[in-house]
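Please consult the sequence and structure shown below alongside the text.

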Amino acid sequence: MFALDILKKRLAAVVVDTSQTPVRLHRIPVSFFGSYRVDGTAPLTGQLSFRVDYSGSGHYGPAGQTFDIPVAKYTPTMTLTAPSAGDRAAPMTVTGHLTWPRAHVTTGAVHVVKTDLAHPSGYSVGTVPVAADGSFAFHDTPQVGGANAYAFTYDGGTSYLPVTASAKVQLSRATPTLSVATDAKSYHSGATVKVTAHLGTTYNSRSVTLYDQPAGKSRTQLKSGTVDAHGNLVAYFKITRNTVFSVAFAGDYRYAPRTVTTSATLTPTVRTEMQWPLSTTRIGSTTYQVFYKSEVNMGFNLQVTPHQSGGCTSVYVEHYYSGAWHQASSQSCVPLYSDGWYGYGRALKLFASNDHYRIRGHYTPPAKGAQTGSVWSQWTYLTVRPGSPS
């Protein structure tokens with residue numbers, strides 16, 4: 001509805017509604033103060049025009065004036081109903097409904113634009129008619145997995161403003177076969193690691209990216225590229241600490257993204273030496289260090305390279321009797337010196353004369369933030385003879 005109030009000076013006015021076909025005349029009485037009011041129903045859209053003619057009276061001559069009132073288009077609202085997820089290559093439906101704020105005429109159509117991995121800029125997938133009650137439905141069998149976005153735009157037809165709404169459906173993709181492996185599980189510092197990524201069947205992408213992440217450091221890209229005819233991509237890495245290697249496949253139209261990892265351990269190098277042996281002897285196929293009790297003490301040194309603050313070493317001494325080796329003494333988890341050395345000493349009087357012994361050390365990295373693995377030294381064999389060398 002609209003209302004038009006106009007002030008005039010005397011007793012009569014004729015209002016001509018020029019927006020109607022045919023033109024409608026309204027003869028309106030004028031109040032004592034010269035005002036009058038016209039009521040009517042505006043069209044859905046367009047221009048509403050009135051011409052007011054005053055016939056004149058007494059001291060006043062005739063007068064006229066035209067009034068143009070623009071009528072804005074209504075903006076409908078649009079709601080969509082769509083599944084949040086679905087299977088690639090399976091039929092699916094998005095339904096919608098338009099609601100007008102007033103009684104409406106059936107006009108216009110809904111245009112659909114779809115965006116997926118194959119069409120990141122979107123493309124038109126058709127026009128959907130709108131039923132008299134404002135409902136519409138769009139049917140699709142998407143061939144590209146991942147996020148499929150549908151933008152629905154009602155063009156408004158001849159009587160309404162356009163309106164747009166969108167829906168997104170996440171469609172399943174197959175899980176690709178993907179692996180990463182190294183040519184060994186443990187390496188010494190400075191060794192070169194051969195890292196091999198393998199990608200199985202995919203649809204339209206054969207690219208992977210290899211990463212390395214040494215302990216305590218950020219992940220960096222090692223190599224990126226297309227796998228060979230066997231599905232492999234090979235890279236090389238010089239290892240200086242424990243390292244996690246990963247390979248990532250970004251996904252394609254039908255296969256989902258995936259990342260897998262593997263670990264390579266840095267094994268420290270352990271150097272050992274005996275202090276103060278006076279000679280060596282062969283017992284069977286084993287070489288023994290020979291000590292004499294007159295020397296008072298036996299020393300066993302070891303050095304771990306590389307090592308960490310917070311790491312520790314343990315020393316174990318074993319005694320052979322009754323046909324087997326038995327632990328004779330130990331020193332557990334003592335810190336290394338700053339240069340990675342540790343020295344262990346034991347009084348020779350504690351050893352049985354002419355019996356067989358062996359000794360070795362074990363390095364344990366810190367429990368948190370370990371940059372290397374643990375490592376054992378080799379056994380060193382010794383025997384202690386009574387008295388002094390002749």
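How many bridges join strand β18 to strand β21, and do these strands run parallel or antiparallel? In this predicted model, β18 (residues 207-214) and β21 (residues 243-249) are joined by 6 bridges and run antiparallel. Within this pairing, Thr-209 has Ala-248 of β21 as its bridge partner.

**Sheet organisation**

- An open sheet of 5 strands contains this pair, in the order β16-β22-β21-β18-β19 and with mixed pairing.
- The edges of that sheet are β16 (186-187) and β19 (220-226); each has a single partner strand, so one side of each is left without a neighbour in the sheet.
- Elsewhere, β27 (312-321) pairs with β28 (324-335) in the antiparallel sense over 9 bridges.
- Across that pairing, Tyr-316 stands opposite Ser-330 in β28.
- β27 and β28 form a hairpin, with 2 residues between the strands.

**Nonpolar cores**

- The largest nonpolar core has 21 residues.
- The residues with the most contacts inside this core are Leu-178, Val-180, Val-208, Leu-210, Ile-239, Phe-245 and Val-247.
- Two or more residues each come from β15 (178-182), β17 (192-199), β18, β20 (232-238), β21 and β22 (258-266).
- Of these elements, β17 gives the most to the core, with 4 residues.
- Another core, of 20 residues, lies apart from the largest one and includes Phe-291, Leu-302, Val-317 and Leu-382.
- As a general background, nonpolar side chains in soluble globular proteins tend to be buried together.
- Leaving out residues up to four places away in sequence, Val-247 touches Leu-178, Ser-179, Val-180, Ala-197, Val-208, Thr-209, Leu-210, Arg-258, Thr-259 and Val-260.

**The buried acidic residue Asp-252**

- Asp-252 is found in the loop between β21 and β22.
- Asp-252 is buried yet has no salt bridge.
- The nearest side chain of opposite charge is that of Arg-173, 5.6 Å away, whereas a salt bridge requires the charged atoms to be within 4 Å.
- A polar atom of the Asp-252 side chain lies 3.0 Å from the backbone nitrogen of Arg-254.
- For the backbone nitrogen of Tyr-255, the corresponding distance to a polar atom of the Asp-252 side chain is 2.7 Å.
- Apart from neighbours within four places in sequence, Asp-252 is in contact with Leu-117, Arg-173, Thr-202, Tyr-203, Asn-204 and Ser-205.

**Backbone geometry in loops**

- Most residues other than glycine have a negative phi, and most peptide bonds are trans.
- The peptide bond from Thr-305 to Pro-306 is cis, with omega near -10°.
- Pro-306 lies in the loop between β26 (297-305) and β27.
- Val-296, in the loop between β25 (286-292) and β26, has a positive phi near 80° although this residue is not a glycine.
- Ser-322, in the loop between β27 and β28, also has a positive phi, of about 55°, and is not a glycine.
- This serine is in the turn of the β27-β28 hairpin.
- Is Ser-322 buried or exposed? Ser-322 counts as exposed because its relative accessibility is 72%, and the cut-off for exposed is over 50%.

How values were computed
Residues numbered from 1 in each chain as written. Predicted model: local features only at pLDDT ≥ 70, side-chain atom pairs only at ≥ 80, totals over all residues. Heavy atoms only, no water. Buried < 20%, exposed > 50% of the residue type's maximum accessible area, 1.4 Å probe, protein only. Pairing = 2+ DSSP bridges. Core = buried A, V, L, I, M, F, W, Y, C linked by side-chain atoms within 4.5 Å. Contact = heavy atoms within 4.5 Å. Lys, Arg positive; Asp, Glu negative; His and termini not counted. Polar contact = N/O pair within 3.5 Å; in protein donor to acceptor, adjacent residues only side chain to side chain.
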